[in-house]
Amino acid sequence: MTIENLSVNKSFGGWHKQYSHHAKTLNCDMRFAIYLPPQASNGKKVPVLYWLSGLTCTDENFMQKAGAQRIAAELGIAIVAPDTSPRGEDVANDEGYDLGQGAGFYVNATQAPWNRHYQMYDYVVNELPQLIEATFPVSNVRSISGHSMGGHGALTIAMLNPDRYRSMSAFSPISNPMNCPWGQKAFTAYLGKDKDTWRNHDASELMRQATQFIPAKVDQGESDDFLAEQLKPEVLIAAAKASGYPLELNLHEGYDHSYYFIASFIEDHLRFHAAHLNK
């Protein structure tokens, strides 16, 4: 596979690098960022945390705002941040911020016109890790995390592939997309009107039915403007109780949906993942 390096920045002894490549799964060019800790320069293959961002974001939001590099460098963890959707002039789009480009929802679309490009589930689970592991000094030991729409993606992808990930976490995830406006709009467009097809992409549904568990950590701000209508953490909590899922869910007074919240607790998440990645 041919990839093009777009930028390089040294950070805490490691390297933040941004790349472009042609994604066969998505039928378009895609961009991703990778942070390689200093340990990756010593001939050692390091584990990887995949980070999935939220609505309207690109690979740049997390890498520039979360402040994750210092702890990742200490722990010897690489971080990979893909874009949130296919991009390009011929890629289907919508006037709303919550559908189309910037809003791939990490599913494989089955409905036209979205199904031509919007295969984000396959891209995140298969194509991107194959590229990363073939190109960089990283191992196939993986964890996954994300924010909002990306929190939804991280939780669902991990629960659908428990053998591929050591741990999962999320900030402010869309916990029950089948029953919130963001999820209903996206799932209707991408997956069709049959709600039975939506269940495999709903974290609460998957957690309620789970029989194979991986460690899970979720943090949610109590002053999040989207808390009641869109995020519904109480549904995820109830699902975990129903199945006995080992979910740690923390509510934080005063915190909102922004990267100020993520930056406040990203160290906790990285140390949580390191404990499982380094076993």
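The model is predicted, so a word on ground rules: local features need pLDDT of at least 70, side-chain atom pairs count only at pLDDT 80 or more, and totals for chains, interfaces and linings use all residues. Residues are numbered from 1 along each chain as its sequence is written, and side-chain values use heavy atoms, with hydrogens and water left out.

Strands here are DSSP runs of E with at least two residues, helices are runs of H or I with at least four residues, and both are numbered from the N terminus. Two strands pair if DSSP finds at least two bridges between them. Strand 1 (residues 3-11) and strand 2 (residues 14-23) run antiparallel and share 8 bridges; across them, I3 sits opposite H21 in strand 2. The hairpin has 2 residues between the strands, and F12 takes a positive phi near 50 degrees there. F12 counts as exposed because its relative accessibility is 52%; the cut-offs are under 20% relative accessible area for buried, over 50% for exposed and partly exposed in between, with a 1.4 Å probe and protein chains only.

A second residue other than glycine with a positive phi is N27, near 60 degrees. N27 lies in the loop between strand 2 and strand 3 (28-36) and is partly exposed, with a relative accessible area of 34%.

Now follow the parallel strands. Strand 4 and strand 6 run parallel, joined by 6 bridges, and W51 has S145 in strand 6 as its bridge partner. Strand 6 (residues 138-147) in turn runs parallel to strand 7 (residues 168-171), with 4 bridges between them; here S145 faces S169 in strand 7. Strand 6 is mostly covered, with 9 of its 10 residues buried.

How accessible is S53? Its relative accessibility is 0%, so S53 counts as buried. The side chain of S53 makes a polar contact with the side chain of W51 at 3.1 Å. Such a contact is a pair of N or O atoms within 3.5 Å; within protein, one must be able to donate a hydrogen and the other to accept it, and residues adjacent in sequence count only if both atoms are side-chain atoms. Setting aside neighbours within four places in sequence, S53 is in contact (heavy atoms within 4.5 Å) with residues including T58, F62, H147 and Y259.

Rings of Phe, Tyr and Trp (its six-membered ring) pair if their centres lie within 6.5 Å; planes under 30 degrees apart are stacked, over 60 edge-to-face and the rest tilted. The structure holds 16 aromatic pairs. One of them is the edge-to-face pair of F105 and F187, 6.3 Å centre to centre with 75 degrees between the planes. This pair links distant parts of the chain, as F105 is in the loop between strand 5 and helix 3 while F187 is in helix 5 (residues 181-191), 82 residues apart. F105 and F187 are both buried. W182 and F226 form a tilted pair, 4.8 Å centre to centre and 45 degrees between the planes. W182 lies in helix 5 and F226 in the loop between strand 8 (216-221) and helix 7 (227-231), so the pair ties together parts 44 residues apart in sequence. Ring pairs also link W51, F62, F171, Y255, F261 and F265 into a cluster.

What about the cysteines? A disulfide is a pair of cysteine sulfur atoms within 2.5 Å, and the structure holds 0 disulfides. For C28, the nearest cysteine sulfur is that of C57, 18 Å away. The sulfur of C180 is 17 Å from its closest cysteine sulfur, in C57, and therefore too far for a bond. C180 counts as buried because its relative accessibility is 0%.

Finally, look between strand 5 (78-82) and helix 3 (120-135), where P113 sits in the loop. A cis peptide bond joins A112 and P113, with omega about -5 degrees. P113 is partly exposed, at 48% relative accessibility. Further on, helix 3 bends by about 35 degrees at L128, and the proline P129 follows within four residues; the bend is the angle between axes fitted to the seven residues ending at a residue and the seven starting there. The buried residues of helix 3 include Y121, V124, L128 and P129.
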